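Subject: Structure handover

Hello,

Here is the structure I said I would pass on. My notes on what was found follow below.

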Amino acid sequence: MATRKTGSDVDFDAIGIGAGFAGLALIHYLRQEGLSVRILDRAKDIGGTWNWNCYPGAATDSESYYYCLTFSKDLLQKWSWTKRYPGWEETQAYLKFVADECDMWPHIQFDTEVVEAEYLADRGCWRVTTDDGETLTCKYLVSAMGMISEPMIPKIKGIERFEGPIFHSSRWPRDLDYAGKKVAVIGAGSTTVQMVPVLAETAASVTVFQRTPNYILPAMQRPMTSEWEKEIKENYDAIVQKCRSHSFGMAFDSPTGRTVADTAPDEVQRVFEENWTGSFRWVFETFDDLLTNPEANRLASEFITRKMKEQVDDPETADLVAPDLDEYPLFAKRPPLDQGYLKSLNRDNVTLVDIKDKEPLVEITEAGLRTTRKDHEFDIIVLATGFKAYTGALEAFPIRGSEGETLNEKWRKSSDSIMGTCVAGFPNLFIITGPQAPFANLPTSIEQNVIWIARCVQKMEREGYDVFEPRIAAEREWTKHTADIHNQTLMARGDEVNSWMMGANRDDKAPRVLIYFGGANAYYDRLDQSADAGFPELEFVKFGC
Ligand code: NAP
């Protein structure tokens, strides 16, 4: 393990919170700079999202071969994926492989929850307090806690009364035996869409309580063949570059240079049909105006809902599961990818209940759920109710900046940041994929963020700086720029339908701009420009000067 470099009186040069993709990337890039790095994680194992989200059916929605870290060509060649979308076990195994190969384990301290972090202005360092009362100091504090990690537990009357297991989807009990049990799932987002077809195979019944329907795209899972793997491994440099150059960090062939606005109606349908081959590719490899032009978006939404309904036998259920086109546009909510959900609705043991119009939820009882129509009895209730995205993990415990204000307090009305990586008033704090960063293929964004962080740290250490202070003017500029772009997209209608992409699913904070939609590639360029220009967004300070 690298020895401490900063020379100041701290326990570690850098402490990162979270041992998922971001934590591992952090170890790699900061260790390269010769820093001592400690990663703290409350979990008992590596994986972050892929440790916590171990519900049946949990899988990536990005295709495996670009849902990985790219800092080592050797590792990219060594690891073999088994399928197009790996399940949580396989992704966790991949992260363990990275940790093994790169000797990362000694940097990680499990079973350690951070309960408070405070910036000590007189020393230019952070003091981190853990759940067992230990305090650790570091020059740089880095959030690697993930942008979709803090559960959103709804305030449903009687939630504490249920006598069987009731838990959030991301806290699935590993030893839970649901075979032959009656399972309720509250929520109808990506998690539910992944979970239900697997649960339905052995549960006595699965009942989904749906408020807002989603535009559901097909995943079209398939095994990784040796020919496909060979092709990928021969082209990894180009694949990595493709992700870096793509507006959502994915290895997609877009922009296409085609718009719906400039294409004849028959040809639009032909292109839609031809590209119906699974993944989010369909949104990006058909036409370039689906997320900005309302008419184009409506045609896409119409196509999707037709495809959805074709798979559901019962017309009433088909109407219920597909959104009404007038309600909201495609991508105002993040669309789930389907590996069998729509077809599972044809099973006798799966029921979709409309809790928006037909039978709203009234309360949870000792034996199940009461709606306005009847009492439903269950053995298990799953709260697949989503997350406090982007900021939730950073607001869950006090992180106090130079004026004593916490991030939670600072972000009461608006979650401002500089490029999602740092926040005015919080010196020497880095965030990996924080608010106002893009929503993109996460390993790509994580790595680009960590490279920027490592370059900043390199400047600090080489030039002998003690502190960086994020400039408030830079934060205002980025916040305005992010909002201006956001308001030009159809995603800005997310607040009408509780979209987590605007924090509109939360009951403790008002909706806001949370995502930079100017293109992940443009954002990555901006990070590089910032580093090349010596980080003009930050003020660098030497003590005693
Ligand atoms: P979500 O998309 O936010 O869905 C939450 C669901 O819970 C919604 O249907 C919501 O209804 C419902 N809900 C929330 N509060 C409720 C209440 N009080 N009463 C009734 N229903 C309530 O959450 P998610 O499915 O966990 O997915 C979140 C995000 O995580 C995804 O969009 C995705 O980005 C990520 N994710 C990724 C993967 C992957 O890539 N493999 C897998 C799963 C999740 P309303 O819509 O009406 O609010």
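A polar contact here is a pair of N or O atoms within 3.5 Å. This is a predicted model, and the distances below are computed from it.

The ligand first. There are 26 residues around the ligand, and Ala59, Ala188, Thr191, Thr212 and Lys333 come nearest. A polar atom in the side chain of threonine 212 is 2.5 Å from a ligand oxygen atom. For arginine 334, a polar side-chain atom lies 3.2 Å from an oxygen atom of the ligand. Alanine 384 takes part through its backbone, with a polar atom there 3.3 Å from a ligand oxygen.

Next, the nonpolar cores. The largest has 146 residues, and the members that touch the most others are Tyr94, Trp172, Trp282, Tyr341 and Trp452. Beyond its neighbours within four places in sequence, tryptophan 282 is in contact with residues including Leu217, Phe272, Trp276, Phe303 and Leu330. A second, separate core holds 24 residues, among them Ile15, Ile17, Met145 and Leu394.

Then the loop between helix H16 (472-486) and helix H17 (520-532), where arginine 512 is placed. Arginine 512 is buried but has no salt bridge; glutamate 395, the nearest side chain of opposite charge, is 5.4 Å away. What does lie 2.9 Å from a polar atom of the arginine 512 side chain is the backbone oxygen of alanine 510. Away from its sequence neighbours within four places, arginine 512 is in contact with Trp411, Arg412, Lys413, Ser414, Ser415 and Met502.

Asparagine 498 is in the loop between H16 and H17 too. Its phi is near 60 degrees, a positive value in a residue other than glycine. Asparagine 498 counts as partly exposed because its relative accessibility is 27%.

Aspartate 484 sits in helix H16. The side chains of aspartate 484 and lysine 480 are joined by a polar contact of 2.7 Å.

Last, some backbone points to look at. Most residues other than glycine have a negative phi, and most peptide bonds are trans. Phenylalanine 535, although not a glycine, has a positive phi of about 60 degrees. Phenylalanine 535 is in the loop between H17 and strand E20 (538-541), and is buried, with a relative accessible area of 2%. Serine 254 and proline 255 are joined by a cis peptide bond, with omega about 5 degrees. Proline 255 belongs to the loop between helix H7 (236-244) and helix H8 (265-274).

Regards

Terms used
Residues numbered from 1 in each chain as written. Predicted model: local features only at pLDDT ≥ 70, side-chain atom pairs only at ≥ 80, totals over all residues. Heavy atoms only, no water. Core = buried A, V, L, I, M, F, W, Y, C linked by side-chain atoms within 4.5 Å. Buried < 20%, exposed > 50% of the residue type's maximum accessible area, 1.4 Å probe, protein only. Contact = heavy atoms within 4.5 Å. Helix = DSSP H or I, 4+ residues; strand = E, 2+ residues; numbered from the N terminus. Lys, Arg positive; Asp, Glu negative; His and termini not counted. Salt bridge = Lys/Arg side-chain N within 4 Å of Asp/Glu carboxyl O. Polar contact = N/O pair within 3.5 Å; in protein donor to acceptor, adjacent residues only side chain to side chain. Near = heavy atom within 4 Å.
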